[in-house]
Amino acid sequence: EITVGTGGVATSCTLTFGKSWTFAPTCSAYNEGAILFVRSVTTTTTLVIDAATPLTASGKIKYMCIGRE
């Protein structure tokens with residue numbers, strides 16, 4: 001779970017994994033509590049979540065990643 005900071009202008013956030021994956025995992029994300037389209041893009045070290053409109057202050061973004069090593 002990611003908690004958005006002040007919101008209002010940010011349309012993306014980057015989460016760095018605790019360790020590198022051998023292959024980029026598959027991740028999905030959604031904004032809890034607000035109707036907001038988000039897209040997730042991964043590399044072997046990060047998850048980037050992009051939103052169509054600015055993220056809501058103190059909003060919660062849930063994500064789940066599945067990968068293999």
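1. Terms and basis. Buried means under 20% relative accessible area, exposed over 50%, and partly exposed in between, using a 1.4 Å probe and protein chains only. The model is predicted: local features need pLDDT of at least 70, side-chain atom pairs count only at pLDDT 80 or more, and totals for chains, interfaces and linings use all residues. Residues are numbered from 1 along each chain as its sequence is written, and side-chain values use heavy atoms, with hydrogens and water left out.

2. The disulfide. One disulfide is counted, the rule being a pair of cysteine sulfur atoms within 2.5 Å. Cys-27 is joined to Cys-65, with S to S at 2.0 Å. The link of Cys-27 and Cys-65 is right-handed, with 110 degrees about the S-S bond. Cys-27 belongs to strand β3 and Cys-65 to strand β6 (residues 60–66), so the bond ties together parts 38 residues apart in sequence. Strands (E, at least two residues) and helices (H or I, at least four) are DSSP runs, numbered from the N terminus.

3. Cys-13 counts as buried, at 19% relative accessibility.

4. Strand pairing. Two strands pair if DSSP finds at least two bridges between them. β3 and β6 are antiparallel and share seven bridges. Within this pairing, Cys-27 stands opposite Cys-65 in β6. β6 also takes strand β1 (residues 2–3) as an antiparallel partner, through two bridges. Thr-3 has Lys-60 in β6 as its bridge partner.

5. The core. A nonpolar core is a set of buried Ala, Val, Leu, Ile, Met, Phe, Trp, Tyr and Cys residues joined through side-chain atoms within 4.5 Å. The largest one has 13 residues. Val-38, Ile-49, Leu-55 and Ile-61 have the most contacts inside it. β3 (26–32) and β5 (46–51) each supply at least two residues of this core. The largest share, three residues, comes from β5.

6. Contact here means heavy atoms within 4.5 Å. Which residues does Val-38 contact, leaving aside neighbours within four places in sequence? They are Ala-29, Tyr-30, Asn-31, Ile-49, Asp-50 and Ala-51. Asn-31 sits in strand β3 and is buried, with a relative accessible area of 9%. Not counting residues up to four places away in sequence, Asn-31 touches Leu-36, Val-38, Lys-60 and Ile-61.

7. Aromatic rings. There is one aromatic pair in the structure. Rings of Phe, Tyr and Trp (its six-membered ring) pair if their centres lie within 6.5 Å; planes under 30 degrees apart are stacked, over 60 edge-to-face, and the rest tilted. Phe-17 and Trp-21 form the pair, edge-to-face, with 6.3 Å centre to centre and 80 degrees between the planes. Phe-17 is buried at 15% relative accessibility. Trp-21 is partly exposed, at 22%.

8. Charge over a ring. Arg-68 lies over the face of Phe-23, at 4.5 Å from the ring centre. The criterion is NZ of Lys or CZ of Arg within 6 Å of the ring centre and within 35 degrees of the ring normal.
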